[in-house]
Amino acid sequence: ASKATNYDFISPDDAFVTLDAKAILPLKAKLKDLHYDTEFDAFNFIEEMNYLKSTTLNFYIESTFPAELSVNLYLVDSNSVVFDTLLLSPFVIPGAKIDNAGHILSPSSENAKITLDNSKYDSLKKAAKLKLSAILNTSKDEEGTQPYVRFSNDANIKIKASVSATGNITF
């Protein structure tokens, strides 16, 4: 009788062949109220929030992605119950401008401002998690029709951001 022996021929640290693959799919689609949710841990700078009176986040957004994204951030307690929103209204990232065949004509651009005050900081301190919720709708053409659009690997959303904060410090 022969004795069976187990061998580890390749360990992750000394693999002699690696493969990075990229799939390119010619994707043409129409999205109508596609909903995406994800949760992540709340911020870990709660102590610093005690020194902020208000914060304004300024964004310049340029998008060649052919779909509008409507984003909101919900505050979730330790029992996984949503108890507040971080934003007063959803933050909208407009989709790229398209023609009636769904081809991208030009990027869209938008300036947006989000202000957080003391009440939002108080709610944020109570949050165990943040829930990001996004609704996607493909762009409409100049006539307001929502054709099938072509998604490309080159589509992107560029965001430039600045922060203006007012402190709550007395000497």
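1. Of the 171 residues in the protein chain, 28% count as buried. Here "buried" is under 20% relative accessible area, "exposed" is over 50%, and "partly exposed" falls in between, using a 1.4 Å probe and protein chains only. As for the surface, the chain exposes about 12200 Å², and carbon and sulfur atoms supply 53% of that. Those areas come from the Shrake-Rupley method with a 1.4 Å probe, and for residues only the protein chains shown count as cover.

2. A word on what you're looking at: this is a predicted model, where local features need pLDDT of at least 70, side-chain atom pairs count only at pLDDT 80 or more, and totals for chains, interfaces and linings use all residues. Residues are numbered from 1 along each chain as its sequence is written, and side-chain values use heavy atoms, with hydrogens and water left out.

3. Now the overall build. The protein chain has 2 helices and 12 strands, and from the N terminus on they run β-β-α-β-β-β-β-β-β-β-α-β-β-β. Both kinds of element are DSSP runs numbered from the N terminus: helices are H or I with at least four residues, strands are E with at least two. Take the contacts between residues at least 6 apart in sequence: 81% of them join residues at least 24 apart. Contact means heavy atoms within 4.5 Å.

4. One sheet to look at is an open one of 3 strands, in the order β9-β3-β12, with antiparallel pairing. Its edge strands are β9 (108-116) and β12 (157-167), each pairing on one side only. On average, neighbouring strands of this sheet are turned by 15 degrees against each other, direction ignored. For pairing, DSSP has to find at least two bridges between two strands. Strand β3 (residues 52-63) and β9 run antiparallel and are joined by 9 bridges; for instance, Y60 has N111 in β9 as its bridge partner.

5. Helix α2 (residues 118-126) lies across β3 and β9, and it runs at about 90 degrees to β3. Angles like this run from 0 to 180 degrees between N-to-C directions, with axes as lines fitted to C-alpha atoms, for helices over the stretch in contact.

6. T55 sits in strand β3 and is buried, at 7% relative accessibility. Leaving aside neighbours within four places in sequence, T55 is in contact with I114, T115, L116, Y121, V163, S164 and A165. I159 is in strand β12 and counts as partly exposed at 45% relative accessibility. With the neighbours within four places set aside again, I159 is in contact with F59, Y60 and I61. The C-alpha atoms of I159 and E110 are separated by 9.7 Å, the two residues being 49 apart along the chain.

7. How many salt bridges are there? The count comes to 4, where a salt bridge is a side-chain nitrogen of Lys or Arg within 4 Å of a carboxyl oxygen of Asp or Glu. One of them joins the side chains of D41 and K129 (3.0 Å, N to O). D41 lies in strand β2 (residues 34-41) and K129 in strand β10 (residues 129-138), so this pair ties together parts that are 88 residues apart in sequence. D41 is exposed, with a relative accessible area of 55%, while K129 is partly exposed at 31%.

8. The side chains of D84 and K120 meet in one (3.2 Å, N to O). With D84 in strand β5 (residues 82-85) and K120 in helix α2, the pair ties together parts 36 residues apart in sequence. D84 is partly exposed, with a relative accessible area of 23%, whereas K120 counts as buried at 11%. K125 and D122 also form a salt bridge through their side chains (4.0 Å, N to O). These two are 3 residues apart in helix α2, which means they are separated by about one helical turn. K125 is partly exposed, at 28%, and D122 is partly exposed as well, at 40%.

9. Last, the surface. Y51, I169 and F171 make a nonpolar patch of about 460 Å². Patches are made of residues with over 30% relative accessible area and no salt bridge; like charges are joined within 9 Å, and nonpolar side chains (Val, Leu, Ile, Met, Phe, Trp, Tyr) within 5 Å. I169 lies in the segment after β12 and counts as exposed, at 53% relative accessibility.
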